[in-house]
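This report describes selected features of a single protein model. Please consult the sequence and structure shown here alongside the text.

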Amino acid sequence: MPEGNYTNANNKTNFRPPALGGVSLLVIFAVLCLTVFALLSLSTVQADCRLADATAQSVSDFYAADWEAQMILAKLRQGELPADVTIETAAPNEEAANTEDNSTSVNMLCSYTCQISETQNLQVQVQLNPQTGSYSILRWQAVPSGTWQAENTLELWDGTTF
């Protein structure tokens with residue numbers, strides 16, 4: 001019988017378990033580290049996927065609101081008055097003032113809002129000249145839909161401990 005885990009002294013057979021040394025502990029530690037890194041990588045990929053989905057939805061919502069605003073502008077240029085459009089008469093612009101027949105040239109200042117999301121709106125302000133059909137976009141901007149409230153208190157540490 002080969003010598004190894006068995007010894008033969010006075011016909012007694014003794015079993016010696018294999019030594020669990022530093023190499024085995026190092027392998028166990030490496031497996032635990034790789035498992036933790038794999039779980040961290042998985043959670044990072046899931047977070048990146050959620051962020052990409054939210055970004056895609058945000059861009060899609062913005063372009064849907066932009067399309068709606070373009071359709072309202074097209075209706076205004078055709079002489080229609082869509083709902084939720086505020087119209088004010090404005091003074092003639094400089095180009096109209098330099099022409100000879102500026103007495104009949106009255107500009108309309110049209111303002112409207114298209115909802116992008118629950119927290120954002122697209123605000124548009126257009127100056128139209130119904131006689132010439134010309135227009136000038138004064139504002140085409142995404143703005144927050146909520147109202148901002150300033151905090152009037154500033155909590156500072158007074159130096160006391162618990």
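V36 lies in helix 1, which covers residues 22-77; helices are DSSP runs of H or I with at least four residues, strands are runs of E with at least two, and both are numbered from the N terminus. The model is predicted, so local features need pLDDT of at least 70 and side-chain atom pairs pLDDT 80 or more, while totals for chains, interfaces and linings use all residues. Residues are numbered from 1 along each chain as its sequence is written, and side-chain values use heavy atoms, without hydrogens and water.

After helix 1 comes G79, with a positive phi near 100 degrees.

Within helix 1, A65, D66, A69, I72, L73 and L76 are buried (under 20% relative accessible area; exposed is over 50%, partly exposed in between; 1.4 Å probe, protein chains only). The buried residues of helix 1 pack against strand 4 (107-115), strand 5 (120-129) and strand 6 (134-144), where contact means heavy atoms within 4.5 Å.

| Residue | Relative accessible area | Class |
|---|---|---|
| V36 | 46% | partly exposed |
| F62 | 28% | partly exposed |
| Y63 | 53% | exposed |

One aromatic pair is found in the whole structure. The ring centres of F62 and Y63 are 5.4 Å apart and the planes stand at 75 degrees, so this pair is edge-to-face (centres within 6.5 Å; planes under 30 degrees stacked, over 60 edge-to-face, the rest tilted).

Key: Phe/Tyr/Trp six-rings, centres within 6.5 Å; stacked < 30°, edge-to-face > 60°.
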